Amino acid sequence: MIMFRVIFLGIIFFSSFSYANHPFNVFIKREFNETDSIIGFGATASIGSPNSLLKGELISSFNYAEILDDTGEMQDFLSLDTGVRLGVYGKAFIYIEAGFDTLELFLDDVRDDDNFYDPQENNQIDGYAGLGAGINAENVRIEGFVKARQIDGDYWDSDKQIFYGLQFSLFF
């Protein structure tokens, strides 16, 4: 069993061929669950050796979200997800991903209409973690994913945390 792991890791780290050798791609995506929707466009940049199947990606996407909050009201807002992926990339690929809403980090939360001070404010920077898999073609990538998202405002929290999605990418 240990020998199998050593051979597998060797193949990953020292592979002489990789289908994910494109350094940059742009994409459109859609995430959803029973009540919520997030649509966005963005870009990824590959990091790591071009001759290895084990790669990382820096990812950023500008999104429009419609989220049902825990009080039953629909909230809509813009976000700028910024994250990192780590995965095994070949013709087929699988990855893990984590990131946060950069807009919320740098700007005051524009999701709340109330302009009064409330000591109960509890607005954390929104974050996410996910798993994905897909297929690389010549200059196209199609992938599906699932993400756990923490989304809130000063006076509300998202009713649901799990999102499913599809992403379509073009390589440059």
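Which strands each supply at least two residues of the lining of the largest cavity? They are β4 (74-89) and β7 (140-150), where strands (E, at least two residues) are DSSP runs numbered from the N terminus. The model is a predicted one, in which local features need pLDDT of at least 70 and side-chain atom pairs count only at pLDDT 80 or more, while totals for chains, interfaces and linings use all residues. Residues are numbered from 1 along each chain as its sequence is written, and side-chain values use heavy atoms, with hydrogens and water left out.

Rolling a probe the size of a water molecule over the atoms shows where empty space is left. Here a cavity is a set of points, on a 1 Å grid over the protein atoms alone, where a 1.4 Å probe fits but cannot get out, and its lining residues have an atom within 4 Å of a point. Grid points are joined across faces, edges and corners, and a volume is the space filled by probe spheres set on the points. By this rule the model holds 2 cavities of 30 Å³ or more.

The largest cavity, with a volume of about 70 Å³, is lined by 12 residues, and those that lie nearest its centre are Phe77, Ser79, Asp126, Arg149 and Ile151. Strand β4 gives the most to this lining, with 3 residues. By class, the lining of the largest cavity divides into 4 nonpolar, 3 polar and 5 charged residues, with Ala, Val, Leu, Ile, Met, Phe, Trp, Tyr, Cys and Pro counted as nonpolar, Asp, Glu, Lys and Arg as charged, and the others, Gly among them, as polar.

The second largest cavity contains about 30 Å³ of space, and the residues that line it include Lys29, Ile59, Ser60, Asp81, Glu97, Tyr128 and Lys147. Strands β3 (54-68) and β4 each supply at least two residues of this lining, which divides into 2 nonpolar, 4 polar and 4 charged residues.

Strands β2 and β3 run antiparallel and are joined by 11 bridges, two strands being taken to pair if DSSP finds at least two bridges between them. In their hairpin, which has 6 residues between the strands, Gly48 takes a positive phi near 115°. Strand β2 (residues 37-47) also pairs with β1 (residues 24-32), in the antiparallel sense and over 9 bridges; a hairpin of 4 residues joins β1 to β2, and Arg30 stands opposite Ile39 in β2.

Methods: On a 1 Å grid over the protein atoms alone, a cavity is a set of points where a 1.4 Å probe fits but cannot get out, and a pocket is an open set with protein on both sides within 12 Å along at least five of seven lines; lining residues have an atom within 4 Å of a point.
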